[in-house]
Amino acid sequence: MGADDNTAGKGALKFSNRPVEIDETKTAIGKYVSLDCEFVGVGYEGKRSVLARVSIVNFYGAVVLDEFVRPEEKVTDWRTWVSGIRPSDMQNAKSFKEVQFKVGEILKDRVLVGHAVSNDLKVLLIAHPKRLIRDTSKHPAFRKLSKGRAPSLKKLAKEYLDIDIQGDEHSSVEDARACILLFRKFKDDFERLAQAKGGKGFLKGGQGSKEKILTPAIGEA
């Protein structure tokens, strides 16, 4: 099924013919923001993840914040092949506390979009109200692509946006933009599901959990 297929039925996905694009000229933060982080490894064999980069974009994909974060522990695996982080990126990196404060101020009272965003918030040591979170990894219709499991952002971007991401090294800006584009394309569905869950996010079971039809909506308001 392609992006121009407008057929819909039970369990079907309804796509929009209208383009969903990045507009870097619209720089106001606005009501909705999308966040993504990159991590490096510390400790024995670099198996423990710590924050190394945070990116936030607004509803239109314009960058609101993009900061490298200096790990407080010795990095034992830069994971450059996937994180895109290199030792040279740390030359002008900010401290964890400084970046954490900036992120917290931006997220305050705003709707947060992300992919498995609870992992990012956990590493940032930031709490955010569930009613203000829209997680692309938990949308019931998206999860159908992976037989009920959380789909990869790469798969969602290709299926619903017809764009390729994460071809080599990851970019937190690119991933944050992919999330906000997915949210914008199906914004009404995200908001309807959030309301059906009583503003508690997408949980298993409960009212509306069997609804699989996506309808397009473009517009911030």
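I take buried to mean under 20% relative accessible area, exposed over 50%, and partly exposed in between, with a 1.4 Å probe and protein chains only. By that scale Lys 47 is exposed, because its relative accessible area is 62%.

**Ground rules.** I am reading a predicted model, in which local features need pLDDT of at least 70, side-chain atom pairs count only at pLDDT 80 or more, and totals for chains, interfaces and linings use all residues. Residues are numbered from 1 along each chain as its sequence is written, and side-chain values use heavy atoms, with hydrogens and water left out.

**Chain.** I looked up helices (H or I, at least four residues) and strands (E, at least two), which are DSSP runs numbered from the N terminus. The protein chain has seven helices and six strands. Along the sequence I read the pattern β-β-β-β-α-α-β-α-β-α-α-α-α. I then looked up contacts, meaning heavy atoms within 4.5 Å. Of the contacts between residues at least 6 apart in sequence, 62% join residues at least 24 apart.

**Surface.** I note that accessible areas come from the Shrake-Rupley method with a 1.4 Å probe, and for residues only the protein chains shown count as cover. The protein chain exposes about 11300 Å², and carbon and sulfur atoms supply 51% of that area. Of the 221 residues, 48% are buried.

**Cysteines.** I searched for disulfides, pairs of cysteine sulfur atoms within 2.5 Å, and the count is zero. Cys 37 counts as buried at 5% relative accessibility, and Cys 179 counts as buried at 1%.

**Salt bridges.** I counted a salt bridge where a side-chain nitrogen of Lys or Arg lies within 4 Å of a carboxyl oxygen of Asp or Glu. The whole structure has 10 salt bridges. One of them joins Glu 45 and Lys 47, with the closest N and O atoms 3.2 Å apart.

Asp 66 and Arg 53 form another, at 2.9 Å between the closest N and O atoms. This pair links distant parts of the chain, 13 residues apart: Asp 66 is in strand E3 (residues 63-68) and Arg 53 in strand E2 (residues 48-58). I find Asp 66 partly exposed at 32%, while Arg 53 is buried at 13%.

Lys 102 and Glu 67 also meet in a salt bridge, at 3.1 Å from N to O. Lys 102 lies in helix H2 (residues 96-107) and Glu 67 in strand E3, so the pair ties together parts 35 residues apart in sequence. Salt bridges that share partners join Glu 67, Lys 94, Glu 98 and Lys 102 into one network.
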